[in-house]
Amino acid sequence: MADNKPNYEHRENENIVSNRELNIWEALLPVFILVGMLAFNVFVYGDDALSGSNQFILLLGAAVAAIVGFFNKVSYQQMMDEVAENVRSTTGALLILLMVGALSGTWLISGIIPSMIYYGLQILNPTIFLAACVVICAIISIATGSSWTTAATVGIALIGIGEALGISLGMTAGAVLSGAYFGDKMSPLSDTTNLAPTMAGGELFSHIKYMTITTVPTVIVTLIIFIILGFTIETTGTAQTDALLGTISSTFNVSGWLFLVPVVVVAMIVKKAPPLLALLVGTLLGGLFALIFQPEIVAKIGGGESLNLQTAYKGIMDAITVDVAIETDNSSLNDLFSSGGMKGMLGTIWLILCAMVFGGIMDGIGALERITKSLLKLAKSTFGLFASTVGSCLALNITASDQYLAIVVPGKMFSKAYEERGLAPENLSRTLEDSGTVTSVLIPWNTCGAYHSSVLGVGVAEYALFAIFNWLSPLMTLLFAALNIKIKQLESK
C-alpha cells in the first residue's frame, strides 16, 4: 500500500504506552462498549450508519476509554498527545482521499471510466469476470505496491463493469480487494511489506519469499471459488450489453486515447512518484481530456449550452469538488455515471478522524499494550504464539482502527518471543502481513475499510464475505502453523 497510505517512516520508533495499573478488563471495557454501540447503531441505521452516527459512536467509545484512563491516573494531556500523533499519521491518507474524489470526478466527465466500462463489457465475459478482477487487480497492485491506487483506478472501473453485467456489487468489490491485497502483500514497493520485516527484525526479500508459502495457496483457493461463482451466478449483462454499449457511446465520445490518462498515472506510481502528485496529474489530465473529448458534457455541468471559458472552468471545478451526475436513458447507468468529487470523501475523512481519536486514547491509557500482553500470555506453544499474533493483529485493527498499529504493536511485542522460541523473524513478519495487513479492509471504521468502501461505493458488510483472500489469509497462516508446515527456525550462529 506503499504510496497511498500515511508514510510509515519512524513508525518503528513510535512509543507504545504502557500503564502498569490497567488490568485486562479495564483495557477491554471500551472495546466491548464500542462494539455493542456500533452493533445497535448499525441495526437502527442500516447502510446509513456511516453517514455520521458511527462517527459519533467512535467518539463515545473514546470517551469511555478516557474515563478508564482518568480512573487509572492517566493525564488528559497524555491521551491528547496520542490522539494528535494518530491524527497526524493519517494526514497523507486524508489528502489522498480528497485527491481520489477529485480524480474520479474528472475521469467520469472526461469519459475515461465510461470508456473502461464500454470496452470491458466487450472483453470480460460474465463467467470469468470475477476471477479476471482478481488477476487484473493483483498485477496492478504488485506493480504499484498500492491496493489504494488499484481500487481508486481499475477497481472503480471494474465495479462499473460488474454492475453493468448485473453482477453483485459485493462480489465484484470482494474480487477487486482480493486481488489488490494479494499484490499489496507481495510487492516490494508496498510500505506494509517493508514495515513488517522491519518490525520483526527480518529482511525484505526473504520476507516476500517466505510469504509465498501461505499467500500463493490462499490466492489459488480464492480464484477457484470465484471461478465456481462465475459459473453459478445469474447475470443480466449478456442480454443487455448491446443496449448498454449503445447508451454509453451515444452519451460519451468513447475513445482508446482516453486510456493515456490512467496509463500515465500508473506509470508515475511505478516510477515512485509521490502519490499526491500522480493523482493530481491524473485529475488535471482528466479535466483536459474532458474539454477535448466531452465539451458538451462539460458545458452542461458548467451551466451553459456551449463551451466557453466560464462554463469550462465551472464544469471542471464542479466535477473535482462536488456532486455531478450525467443522465442517460438507462437508469442503471445513471447511478453509475455520478460522482461526489472531493465533497463525497468528507464522510470517510470524518470517520477516519473519529477512529483515530478512539485509537489514540486507547493507546494513551495503555489499553493496546495491555491487550497485546494478555494475548502473549496465552502462547504456550508454537501454534499458540502464531494464534496470539493473529489475534493481536485483529484486535488492533478493530480497536486502533489503523493498519500500521496492527503491524507495529504486535511486531514490537512478539519479536522477542519468536526469538526465544528459536523461530526465524520471517515467521513473525509473515503472520503480521497475513493477519494485520489484509484484514484491515474488513473493519468498517478502520482507515482501510472506510477508504475502500467509500472509493468503491460498496459497504463493508456487502463485500466482506466475498473478500475471500482477506479473511482466508489469517486462517491459512494458522493452518500452516498447526500442521508445522514450513516453520522456519533460527539459523545456528
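Mentor: Residues are numbered from 1 along each chain as its sequence is written. In this predicted model local features need pLDDT of at least 70, side-chain atom pairs count only at pLDDT 80 or more, totals for chains, interfaces and linings use all residues, and side-chain values use heavy atoms, with hydrogens and water left out.

Trainee: Why is the pair of Y119 and F259 called tilted?

Mentor: Rings of Phe, Tyr and Trp (its six-membered ring) pair if their centres lie within 6.5 Å; planes under 30 degrees apart count as stacked, over 60 as edge-to-face and the rest as tilted. The centres of Y119 and F259 are 5.7 Å apart and the planes stand at 50°, so this pair is tilted. Y119 belongs to helix α5, whereas F259 sits in the loop between α11 and α12, 140 residues apart.

Trainee: Why does Y119 count as partly exposed?

Mentor: Buried means under 20% relative accessible area, exposed over 50%, and partly exposed in between (1.4 Å probe, protein chains only). Y119 has 29% relative accessibility and therefore counts as partly exposed. F259, at 26%, also counts as partly exposed.

Trainee: What makes the pair of F182 and F469 edge-to-face?

Mentor: The planes of F182 and F469 make an angle of 85°, with 5.9 Å centre to centre, and the pair is edge-to-face. F182 lies in helix α8 and F469 in helix α24, so the pair ties together parts 287 residues apart in sequence. Both F182 and F469 are buried.

Trainee: How many aromatic pairs does a search of the whole structure find?

Mentor: The search finds 7 aromatic pairs. Ring pairs also link Y118, Y119 and F259 into a cluster.

How values were computed. Helices (H or I, at least four residues) and strands (E, at least two) are DSSP runs, numbered from the N terminus.
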